[in-house]
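Me: Got a model open here. Can we go through it together, a few quick questions at a time?

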Amino acid sequence: MQRRNVIVVGAGPVGTVAALACARHGHTVTLLEAQTRIDDSPRASTTQPPTLEMLAELGLIEEYLSVGLVSRTFQFWDRPSRQLIAEFDFARLKGETSFPYVVQTEQHKLANMAIARLRRMENAEVRLGERVTGIAQSADAVTVATPRSTIEADYVIGADGGRSTVRKALGIEFEGYTWPERFLVITTKFDFQAALGCCLRTYMEDPGEWTNLFKVAGDDLKGRWRAVFNTREDEKDEEALSDAAVRARLSRIYVPERERDYLHLNLYAVHQRVASHFRRGRVFLCGDAAHVNNPIGGLGLNCGIHEAWHLSALLNRALRGENADLDDYEKTRRPLNIKYVQEQTVANKKRLEEREPAQRAKRFAELRAMADDPERHKAFLMRAALLERS
Ligand SMILES: Cc1cc2nc3c(=O)[nH]c(=O)nc-3n(C[C@H](O)[C@H](O)[C@H](O)COP(=O)(O)OP(=O)(O)OC[C@H]3O[C@@H](n4cnc5c(N)ncnc54)[C@H](O)[C@@H]3O)c2cc1C
């Protein structure tokens, strides 16, 4: 039976970063991915400053920047009146980070570039199309089974997404709830920056239906926009995905009738859940396998990458026989996700959908006051960028 230092299950952005970080520490690593190619449907793209610092240390930053878009600012708008309420500028974080901006790079690009690096390393192995079906562990090894092979390792990182086989095999609860509405992502070539004067990350608040606008480079690097909407709670999937409903949504974000074509639709259920444990023996959970949240604020995937980073450093010490408190991973990362990701994303969502006019007016006044006050502006960004605790 093959024996490795680390097996990573799942070649999403978190698993690939975990595998690359462990391999760069010099350990033997096998990355197992169920699919034969990396899913390139529109998912996360916002990469926060501390994550960029990690990608720089992994030697990926130049390539990452070359296929993404730098976004220094983000804005809040009142959608019904088409008014800019406040703008926040990451340039205020100069001195706190080498990357005072976010980068919008689609997550499949990160996974593919990390896989390409792993394939060039002698101590790393990437196996696509090999689904993990079972895990067993003893005091000194973990055994991972796939339909094709059985591999033994010192440690296993389960980065196999929200429906994690690894988490289920360990009998770990995924505590939390699912929101009644779904989120719809419409990808379009319509240029919102030119038409509305908004920036590349724009949050449009509206009592009935909010919209978040993001520009990404696209695989052709020609640029496209993703407009994310909430559905009505009683809206059926077929209705939300119907051409008429999609065009109506585009009309509500001021796209002229003749330009309401779209490239792609993505409708998905949104959850707030955290695994009751992030570690069992020699097996650890990372990324969506450990927690899922609504995407408002671009925090979940960033947090997952920070976990991959933290865990690979701990496993490196343990594999070198140095003093490593492996319990520190769950002790640190679980409360951090609850406080900085779950709480913030729930609050972000509630603010976007506030219906009460007086509360909306108060919120807008608060945002403007915060943007105008240099100290509060910076404090807000430190938290929003996960720099306060990364
Ligand atoms: C439809 C959708 C849209 C989203 N949109 C946004 C967004 O707009 N903004 C945002 O910030 N976040 C968004 N997210 C969340 C974001 O995509 C995730 O946080 C991110 O993908 C987490 O990365 P990950 O590597 O932990 O997991 P994933 O990206 O889910 O990767 C897990 C990998 O594990 C593989 N796998 C699963 N089971 C096995 C197995 N048994 N054996 C081997 N491999 C396995 C899967 O094939 C997959 O490649 C979205 C998520 C979804 C599902």
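Me: What classes make up the lining of the second largest pocket?
Reply: Nine nonpolar, four polar and five charged residues. Ala, Val, Leu, Ile, Met, Phe, Trp, Tyr, Cys and Pro count as nonpolar, Asp, Glu, Lys and Arg as charged, and the others, Gly among them, as polar. This is a predicted model: local features need pLDDT of at least 70, side-chain atom pairs count only at pLDDT 80 or more, and totals for chains, interfaces and linings use all residues. Residues are numbered from 1 along each chain as its sequence is written, and side-chain values use heavy atoms, with hydrogens and water left out.

Me: What volume does that pocket have?
Reply: The second largest pocket has about 250 Å³. On a 1 Å grid over the protein atoms alone, a pocket is an open set of points with protein on both sides within 12 Å along at least five of seven lines, and a cavity is a set where a 1.4 Å probe fits but cannot get out; lining residues have an atom within 4 Å of a point. Grid points are joined across faces, edges and corners, and a volume is the space filled by probe spheres set on the points.

Me: Which residues lie nearest its centre?
Reply: Phe76, Asn348, Arg351, Phe380 and Ala384, out of 18 lining residues.

Me: Which element gives the largest share of that lining?
Reply: H10, with four residues. Strand S5 (73–78), strand S13 (201–205) and helix H12 (374–384) also give two or more each. Helices (H or I, at least four residues) and strands (E, at least two) are DSSP runs, numbered from the N terminus.

Me: Which H9 residues make the contact?
Reply: Gly300, Cys303, His306, Glu307, His310, Leu311 and Leu314, with heavy atoms within 4.5 Å. By class, the contact of H9 with H10 has five nonpolar, five polar and three charged residues.

Me: Now cavities. How many of 30 Å³ or more?
Reply: One. The largest cavity holds about 60 Å³ of space.

Me: How many charged residues line the largest cavity?
Reply: None; the lining has five nonpolar and seven polar residues. H9 gives the largest share, three residues. The lining includes Leu301, Asn302 and Ile305.
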